[in-house]
Amino acid sequence: MPNLDVPFDSWGSTVDWLLGAPLRIVLILLFAVVARWAAHRAIKGVVERAATRADDHERSSLERVFDSAAGVRRERRRQRALTMGSLLRSIATFVIATVALLTIMAELGMPLAPLLTSAGIGGVALGFGAQSLVKDFLSGVFMIIEDQYGVGDFIDTGEAVGTVEEVSLRVTRLRDASGVVWFIRNGEIIRIGNKSQGWAMATIDIPVAYDEDPAQVIPMLREVSAQVYADPEWSTKLLEEPTVAGVESVSGGTMTLRIFAKCRPGEQWGVPRVIRERAKERFDTEGVRGPRITPFGDAQA
């Protein structure tokens, strides 16, 4: 029961105070919670749309069929959305909480000018000291949004060439062909050559003797290319039938014939091997001679 001996003016002052700063603080907290929920919902939609647009532009129609069957594209988009969504949600929560805290401190009558001045000076000092860290994070953010590369891709960063094992907002880890693990800061990557996106072009050079007739050898290579493309083991790895371009060079007693094979990413090393193997088998059967190396290192027919 309220104390009836308390003067009415005191009760009125208490009510006025409760309807003043405390009520405004509660409203500020409610507004912060609603703003955080709305920001998280908007971030989710933006990240998903950005990931979908990147997927729609990075694959050819045939490649999308392969990736959809394997689930690779869907999993990659999910990983990007989770990473970007987590980062942006953390930033939004931090900003909203900071604004709400400063507003509540102002309602309580606490002096904000000295605090903001100190925070500004500290922020400038921290910015100068951590500018490389900020650069790494910003580069990582844009790299993930644009899907420049992902785990399992074979990339050339300029400093190292290898398969990506882990991607974070600050560092990319990849392993080269010798098994060496490289840790590369995202802010230090100037260019990226991704050999695992879209499609790859394999270039196969077949050397034969100088005096072999191209009119006979080229049809053999076309038949070999058609057989490889018709092979069920390799038809899913080739996007189209390999093309025999013709004679690439003639020098030192050697005539070099070139074949182009458009294939799935990562298959540009296996496809040339099988084409060379089958071309040699066909040449042995037809009696097509390869270049011979003399003791002095010159190729002769």
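In strand β4, Val181 is the bridge partner of Arg175, and β3 (residues 171-175) and β4 (residues 181-185) run antiparallel, joined by 5 bridges. Helices (H or I, at least four residues) and strands (E, at least two) are DSSP runs numbered from the N terminus, and two strands count as paired if DSSP finds at least two bridges between them. The model is a predicted one, in which local features need pLDDT of at least 70 and side-chain atom pairs count only at pLDDT 80 or more, while totals for chains, interfaces and linings use all residues. Residues are numbered from 1 along each chain as its sequence is written, and side-chain values use heavy atoms, with hydrogens and water left out.

The hairpin of β3 and β4 has 5 residues between the strands, and Gly179 there takes a positive phi near 90 degrees. Arg175 is also the bridge partner, in β3, of Thr163. Strand β2 (residues 161-167) pairs with β3 in the antiparallel sense over 4 bridges, and Glu166 stands opposite Arg173 in β3. A hairpin with 3 residues between its strands is formed by β2 and β3.

Moving on to β1, this strand is joined to β2 by 3 bridges, again running antiparallel. Here Phe154 stands opposite Thr163 in β2. The hairpin of β1 and β2 has 4 residues between the strands, and Gly158 in the turn has a positive phi of about 95 degrees. Put together, 5 strands form an open sheet with antiparallel pairing, in the order β4-β3-β2-β1-β5. The edges are taken by β4 and β5 (193-194), each with a single partner strand, so one side of each is left without a neighbour in the sheet.

Phe154 brings the aromatic residues into view. Rings of Phe, Tyr and Trp (its six-membered ring) are taken to pair if their centres lie within 6.5 Å, with planes under 30 degrees apart counted as stacked, over 60 as edge-to-face and the rest as tilted. By this rule the count comes to 1 aromatic pair. The pair is edge-to-face because the rings of Phe154 and Trp269 have their planes at 70 degrees, with centres 5.3 Å apart. Phe154 lies in β1 (residues 154-156) and Trp269 in the loop between β8 (254-263) and α9 (270-286), so the pair ties together parts that are 115 residues apart in sequence. Trp269 is partly exposed, at a relative accessible area of 39%; buried means under 20%, exposed over 50% and partly exposed in between (1.4 Å probe, protein chains only).

Lys262 lies over the face of Trp199 at 4.4 Å from the ring centre, and the charged end of Lys237 sits over the ring of Trp234, 4.5 Å from its centre. Trp234 belongs to helix α8 (residues 232-235) and, at 11% relative accessibility, counts as buried. Contact means heavy atoms within 4.5 Å; not counting residues up to four places away in sequence, Trp234 touches Val228, Gly270, Val271, Val274 and Arg278. The C-alpha atoms of Trp234 and Val271 are 7.8 Å apart, although 37 residues separate the two in sequence. Gly270, which lies in helix α9, is likewise counted as buried, at 18% relative accessibility.

A further open sheet has 3 strands in the order β6-β8-β7, with antiparallel pairing. At its edges stand β6 (200-209) and β7 (243-251), each with a single partner strand, so one side of each is left without a neighbour in the sheet. Within it, 7 bridges join β7 to β8, and Thr243 stands opposite Phe260 in β8. Helix α9 lies across β6 and β8.

A nonpolar core is a set of buried Ala, Val, Leu, Ile, Met, Phe, Trp, Tyr and Cys residues joined through side-chain atoms within 4.5 Å. The largest such core has 25 residues, of which Leu221 and Phe283 touch the most other members. Two or more residues each come from β6, α7 (214-230), β8 and α9, and α7 gives the largest share, 6 residues. Among the contacts of Leu221 are Ile206, Val244, Leu257 and Phe283. A second, separate core of 16 residues includes Leu87, Val141, Ala160 and Leu174.

Methods. Lys NZ or Arg CZ within 6 Å of the ring centre and 35° of its normal. Axes fitted to C-alpha atoms, helices over the stretch in contact; angles between N-to-C directions.
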